[in-house]
Amino acid sequence: MEVNGIVLSPDPRLREECAPIEEITPEIERLIQKMKDEMFENGGCGLAAPQVGELVQLVVIDTSYTGKHDYDPWVLINPVIVEQSDTKLPFCEGCLSIPGINCEISRPDHVVVEAYDPKGDLMRYEAGTADGSEADLTCVCLQHEIDHLHGKTMFDRLLPGDRIAAMKRYQEALARGAKPGETSVE
């Protein structure tokens, strides 16, 4: 099922391993633009290709924009986490593909990611907390979106009891009409 251009859980496309991008074609360039548009229109800070129904390793991320005037997402092609800390911090995550709820997930507090940009240049992104006091949104977002490329959603990061409770809250949120970009529905 799709809402506002976003594939919603439990769509099987969100459980698939995505294929690496071998060449930056005009189709990939159009997909990049589509993903940038969909992420902005739905108020997200990250979006992976399977969330728009494309099973390729492509992610867009912008965790700091406040509006259209400063919106300039990173585009990561074939991203790989090459380093991560052993220290984990909790963060209350939402997901465009799982609207209406958020879940507290513990993830490494520092990561280094290598990916190609749209020009085909290998880039290195580093994100994390400086003092270990609270999780960094960019660090969390990188890990969350890369998970999507490997068929994992935030439900998969929860303990079994928490997963059942979160899935119940999600079904209730959908029944109330939750849309992508909403982390709670009144």
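**Close-up 1. Strands E5 and E8 pair up in this predicted model.** Here E5 runs alongside strand E8 (residues 110-116) in the antiparallel sense, with five bridges between the two. As a reminder, strands in a sheet pair through backbone hydrogen bonds, and the pairing can be parallel or antiparallel.

**Close-up 2. The open sheet has five strands.** Reading across, the order is E3-E4-E5-E8-E9, and the pairing is antiparallel. Which strands stand at the edges? Those are strand E3 (46-48) and E9; each has a single partner strand, so one side of each has no neighbour in the sheet. On average, neighbouring strands here are turned by 40 degrees against each other, ignoring direction.

**Close-up 3. Phe-40 and Tyr-65 form one of the five aromatic pairs in the structure.** Their ring centres are 5.6 Å apart and the planes sit at 45 degrees, so this pair counts as tilted. The pair ties together distant parts of the chain, 25 residues apart: Phe-40 belongs to helix H1 (residues 26-41), while Tyr-65 lies in the loop between strand E4 (58-61) and strand E5 (74-84). Are these two residues buried or exposed? Phe-40 has 22% relative accessibility and is partly exposed, whereas Tyr-65, at 19%, counts as buried because the cut-off for buried is under 20%. Look for Tyr-71 as well: Phe-40, Tyr-65 and Tyr-71 form one aromatic cluster.

**Close-up 4. Trp-74 and Tyr-125 make another tilted pair.** The two ring centres are 4.7 Å apart, with the planes at 40 degrees. Why does that count as tilted? Planes under 30 degrees apart would be stacked and planes over 60 would be edge-to-face, so 40 degrees falls into the tilted class. This pair also links distant parts of the chain: Trp-74 is in strand E5 and Tyr-125 is in strand E9 (residues 122-128), 51 residues apart. Trp-74 is partly exposed, with a relative accessible area of 33%, and Tyr-125 is buried, with 10%.

Note on methods: Residues numbered from 1 in each chain as written. Predicted model: local features only at pLDDT ≥ 70, side-chain atom pairs only at ≥ 80, totals over all residues. Heavy atoms only, no water. Phe/Tyr/Trp six-rings, centres within 6.5 Å; stacked < 30°, edge-to-face > 60°. Helix = DSSP H or I, 4+ residues; strand = E, 2+ residues; numbered from the N terminus. Buried < 20%, exposed > 50% of the residue type's maximum accessible area, 1.4 Å probe, protein only. Pairing = 2+ DSSP bridges. Axes fitted to C-alpha atoms, helices over the stretch in contact; angles between N-to-C directions.
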